Amino acid sequence: MSTDRILLTLGFVAFWVAMVALMYWGWKGRARRQRDAIGELPQVPSELGKQLIEPSSGLYVGSTVAPSWQDRIAVGDIGFRATGDLSRYERGVLLERDGASAIWIPQESIRAIRTERGLAGKVMSKDGVLVIRWELPTGTEIDTGFRGDDKSVYPSWVSEENA
């Protein structure tokens, strides 16, 4: 193997490492900038109330600062995609994620439930993502997206909000 080839390979490896490091620093910087606006997420209460919508399995696609569908939240583990189950109770919405903390959306915090084409950089077919807009205790509104395995449950979520 020639010296030129070795140097070229080392150059590409160094470039790749630098790009990964820049992405990591960018993600950490975003989390630092968002920390005050996001604050602490609501804890899952011990009593959820009557179950209104059965759990639906799917993919948590992420949460974004409303109204931007691409401004992904990087604070804590809320910025990472995960499979999980979404269910609705009298007191709010519970998103139980595999390998990550549960997300509790209190009923009084919900501003709208709708379907969208995409959220947090995840683009689907028309009405492929169920999006819940809600207000955090800090006053910041965020959109939380869930792509259900069975999209036929979406109308019950949207009509429940409008009822």
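Predicted model: local features only at pLDDT ≥ 70, side-chain atom pairs only at ≥ 80, totals over all residues.
Reader: OK, how many helices and strands does the chain have?
Author: Two helices and nine strands. Helices (H or I, at least four residues) and strands (E, at least two) are DSSP runs, numbered from the N terminus. Reading from that end, the order is α-β-β-β-β-β-β-β-β-β-α.

Reader: And what's the radius of gyration of the chain?
Author: The protein chain has 19 Å, while a compact globule of 163 residues would be near 15 Å. That radius is taken over C-alpha atoms, and the globule rule is 2.2 Å times the number of residues to the power 0.38. Along the principal axes, the C-alpha atoms fill a box of roughly 70 × 35 × 25 Å.

Reader: What share of the residues is buried?
Author: 39% of the 163 residues. Buried means under 20% relative accessible area, exposed over 50%, and partly exposed in between (1.4 Å probe, protein chains only).

Reader: Switching to salt bridges. How many are there?
Author: Six salt bridges, each being a side-chain nitrogen of Lys or Arg within 4 Å of a carboxyl oxygen of Asp or Glu.

Reader: Which residue does D77 pair with?
Author: D77 bridges to R97, with the closest N and O atoms 3.0 Å apart. This pair links distant parts of the chain: D77 sits in the loop between β1 (51-65) and β2, and R97 in strand β3 (residues 92-97), 20 residues apart. D77 is partly exposed at 27% relative accessibility, whereas R97 is buried at 6%.

Reader: What about R111, who's its partner?
Author: E135, and the closest N and O atoms are 2.7 Å apart. R111 is in strand β5 (residues 110-116) and E135 in strand β8, so the bridge ties together parts that are 24 residues apart in sequence. R111 has a relative accessible area of 37%, which makes it partly exposed, and E135 is partly exposed too, at 26%.

Reader: How far is R111 from W134 in space?
Author: They're 5.1 Å apart, C-alpha to C-alpha, and 23 residues apart in sequence. W134 belongs to strand β8 (residues 129-135). W134 has 0% relative accessibility, so it counts as buried.

Reader: Which residue in β9 bridges to R133?
Author: D143, with the closest N and O atoms 2.8 Å apart. D143 lies in strand β9 (residues 141-148) and R133 in strand β8, so parts that are ten residues apart in sequence are tied together. D143 is buried, with a relative accessible area of 1%. Salt bridges that share partners also join R114, E116, R133 and D143 into one network.

Reader: And L130, is that buried or exposed?
Author: L130 counts as buried at 1% relative accessibility.

Reader: Which residues gather in the negative one?
Author: D85, E96, D98, D149 and D150. D85 lies in strand β2 (residues 82-89) and is partly exposed at 32%.

Reader: And which residues make up the nonpolar patch?
Author: V13, W16, V17, V20 and M23, with about 510 Å² of accessible area together. Accessible areas come from the Shrake-Rupley method with a 1.4 Å probe. V17 is in helix α1 and is partly exposed, at 46%.

Reader: Last one: where's the cis peptide bond?
Author: Between A66 and P67, with omega about 5°. P67 is in the loop between β1 and β2.

Methods
Residues numbered from 1 in each chain as written. Heavy atoms only, no water. Patch = residues over 30% accessible without salt bridge, like charges linked within 9 Å, V, L, I, M, F, W, Y side chains within 5 Å. Lys, Arg positive; Asp, Glu negative; His and termini not counted. Charge placed at Lys NZ, Arg CZ, Asp CG, Glu CD.
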